[in-house]
Amino acid sequence: MIANEPLLIRGARLIDPSTGMDMIGDILVMDGNIQRAGSAIRNGDVPSGCRVIEASGLLACPGFIDLHVHFREPGYEDKETIATGSLAAARGGFTTVCCMPNTDPAMDNASVVDYVLRRAREADLIRVLPIGCVTKGREGKELAELWELSQAGAVGFSDDGSPVADPNLMRQALAYSSSLGLPIIQHAEDPNLSQDAPVNEGELSNRLGLRGWPAAAEETMVARDIALAQLTGGQLHLAHLSTAGSVNLVRQAKERNQPITAEVTPHHLTLNERWVQGHDEEGPLSGPLTSTAYDTNAKVNPPLRTERDVAALITGLRDGTIDAIATDHAPHVVTDKLVSLNDAAFGISGLETALGALMGLVRQSDLTLNILVERLTAGPARLLGEKYASLGTIREGGTADIVLVDPDREWVVRVGEFASKGKNTPLEGMTLRGMVVATISGGRIVHSVLLDAQPMAVGEANG
Amino acid sequence: MTTSSVRQAPSADQVSLVGGTRRHILDLDDFSTQELDLVMKTTDAMAEVLGREIKKVPTLRGKIIITLFYEASTRTRVSFEEAGKLLSADVINVSASGSSAEKGESLLNTVRTLQATGADLIVVRHPHSGAPYFIARNLEHTNVINGGDGWHAHPTQALLDLYTINQHLNQIQGTRVVIVGDILHSRVARSNLWGLTTSGAQVVLCAPPTLLPQEYLDGSYKREGNPLAAVEVETSIDRAIEGADVVMPLRLQVERQETGLIPTLREYSKMYQVNDERLARAKPDALVLHPGPMNEGVEISPQVAHGGQALIEEQVHNGVAVRMALLYLLMQPSRGRGGGQR
């Protein structure tokens with residue numbers, strides 16, 4: 001399928017929170033853009049040679065936007081490449097992702113940004129937007145050349161994986177970047193409080209005899225940065241919030257009309273700390289530990305928290321305290337996880353399970369479908385600013401980034417089927433309900449399991 | 001060869017857990033009272049063997065036991081080696097220094113290699129909590145006994161403590177056992193909590209707040225469904241020790257001062273040392289246990305450590321019998337399972 005081949009999605013439930021659209025209808029894509037989206041398109045208006053996807057029973061949403069992924073390139077190509085990460089994103093329904101700069105070399109200068117953008121063009125599947133470092137080499141000592149990074153295409157700045165720990169440097173970063181109109185994305189963790197701690201502090205850390213990563217290590221940093229953002233007028237975006245206290249701090253800041261934004265991961269919304277004790281097909285195990293305990297695939301930073309934190313994060317997402325869902329997709333090589341829990345790398349390979357896991361929240365009535373889709377589309381799009389205003393929506397004339405979801409289709413997570421090189425997920429073997437069945441990026445089908453859209457399209461999208 | 005040379009040993013088949021599916025001893029959280037009872041009775045039989053003039057039986061002849069120690073140890077490693085040898089198993093000691101672990105071989109590859117050499121059972125000590133669980137899930141044939149993992153568990157120490165208390169008090173049910181000291185970092189305390197609680201003891205944990213796990217400090221452990229919810233937590237040793245049947249001070253590592261968890265060892269010893277004056281608040285003839293190695297003058301006064309109520313050497317002696325019992329229960333040839341399968 002060539003990029004400008006017309007495409008008709010027929011009879012889907014169109015959900016676009018940016019416009020309030022929620023109706024059964026059609027989408028016509030031409031020249032990579034959305035020609036029409038809305039009520040049924042009459043046969044006479046369908047161009048000849050148009051490919052038709054019969055989408056009744058499916059949801060059609062704007063392509064998902066992920067503000068937080070690790071594609072590991074350059075430097076850690078054995079964990080992921082921009083090509084494999086892009087395909088994983090496509091399989092997960094994401095048409096835009098923002099790459100974190102903890103690469104080697106770190107993305108702290110324009111040439112590395114250029115390289116990432118070139119590799120993304122070569123992969124040619126989805127939109128990959130780079131996030132530059134806040135500090136040179138992510139060392140937390142001196143500011144990186146933020147203006148030059150922004151000129152090269154960086155959409156924000158972060159030392160993710162590490163916080164900007166020095167409060168004075170964080171102050172300067174927020175102040176300096178305010179003139180660039182780009183956010184500082186903080187990985188909120190006071191390393192003095194969380195050093196060498198693989199799991200949440202509390203019941204779990206005591207049960208397993210592990211050093212605990214207290215909620216306060218995140219909350220003190222969140223509180224500090226909210227004060228620094230207030231002081232500087234800088235734009236603060238908080239990555240992967242994980243605690244009830246953090247949600248409250250952000251909520252209070254927003255009530256004061258501070259322009260703080262925040263994201264949360266699918267795993268912090270759906271899994272609690274007990275998953276580290278191992279799981280079966282039903283969920284996390286309780287009772288005496290078995291040899292499945294100390295599951296390194298459930299080791300993630302920030303750690304999985306308590307049931308109470310999970311509930312507060314869901315509430316925060318629902319009431320708009322949290323603006324976006326971001327996967328923090330963190331792929332690793334199998335041997336990075338085939339070690340003791342202390343030695344294991346932090347991170348979950350999350351792009352390909354995100355939608356399936358999150359649909360559970362809709363079925364449990366924790367979230368409406370509309371809010372879930374908003375936090376995956378228009379919510380993150382807002383944070384990307386004017387330049388990317390056409391993303392996260394299916395408005396006529398806009399870029400044809402569309403995801404088709406079968407909300408009832410059940411599937412079993414099998415990491416062997418992941419496109420990502422990272423097979424590290426605690427969800428292996430779990431049955432999820434809700435599946436991305438096709439992803440259209442810039443008018444091209446880049447992923448599909450639908451018979452009427454499949455074999456040729458994917459092959460050509462790769463080629 | 002039969003097992004008859006170990007007299008009075010109950011048949012493992014009498015108890016479903018040990019006789020059934022158990023392949024590993026990783027902690028005591030999965031031991032029932034029946035299973036604990038079986039271990040105690042089997043230990044009695046082993047203690048009888050230890051009392052003989054020629055204290056060696058052929059029970060585990062032809063079995064290979066490897067002790068794999070990534071941390072220093074005297075009593076645990078030696079008593080496992082002795083236990084294995086007295087049961088006629090071949091015991092091979094591997095320590096991290098001098099092994100291929102020093103060349104950077106991963107834990108996974110090391111234990112898979114040991115399994116491939118034919119090890120029937122591995123006793124592992126590792127500084128990382130959970131390492132024995134990792135090993136157990138990655139070995140198909142070899143039994144695993146946890147010889148101490150990080151801050152998490154030291155089940156064989158807890159079993160020998162149970163055995164020693166039982167010997168002197170004839171029961172555990174209803175006794176008040178006070179564990180004093182660095183609870184936060186103590187695998188001995190964690191395993192003893194399971195063993196003692198399952199046996200019906202009232203456990204009191206006593207430590208300065210900085211050496212208590214957060215859930216004991218904030219009281220959140222008293223939640224419904226927590227089998228350890230009845231544990232008492234006390235920061236004053238004088239209150240904790242009141243009426244105790246057993247007092248168990250824990251070793252205080254010097255690093256705790258360096259990392260700021262306590263101001264000085266001097267202050268710690270003034271506030272928390274088990275000495276004669278404090279011991280007098282416990283029941284008359286209360287037992288004093290210590291998992292060793294002791295810092296005399298820090299967590300325990302020399303007078304108490306060498307006084308009539310201390311059972312510290314008895315614990316070590318019982319440790320051999322308990323470990324013989326565990327090796328026997330996991331590996332006895334009559335079961336035709338466990339280490340015998342390859």
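**Notebook: chain B fold, chain A domains**

I started with chain B: of its contacts between residues at least 6 apart in sequence, 77% join residues at least 24 apart (contact: C-beta atoms, placed from the backbone, within 7 Å).

Housekeeping: this is a predicted model, so local features need pLDDT of at least 70 and side-chain atom pairs count only at pLDDT 80 or more, while totals for chains, interfaces and linings use all residues. Residues are numbered from 1 along each chain as its sequence is written, and chains are lettered from A and ligands numbered from 1 in the order in which they are written.

Next I looked up the secondary structure of chain B and got 14 helices and 10 strands (DSSP runs numbered from the N terminus: H or I, at least four residues, for helices; E, at least two, for strands). Chain B has a radius of gyration of 20 Å, close to the 20 Å from the globule rule for 342 residues, so it is as compact as a globular protein of that length (taken over C-alpha atoms; the rule is 2.2 Å times the number of residues to the power 0.38). I also noted the span of its C-alpha trace along the principal axes, about 55 × 45 × 45 Å.

Then chain A: I found domain 1 (7-60 + 398-462) and domain 2 (63-388), with bounds from an automatic or database domain assignment. Their contact takes 34 residues from domain 1 and 44 residues from domain 2. On the domain 1 side, strands 17 (402-412), 18 (431-441) and 19 (444-448) each give two or more residues.

Key: Two residues are in contact if their C-beta atoms, placed from the backbone, lie within 7 Å.
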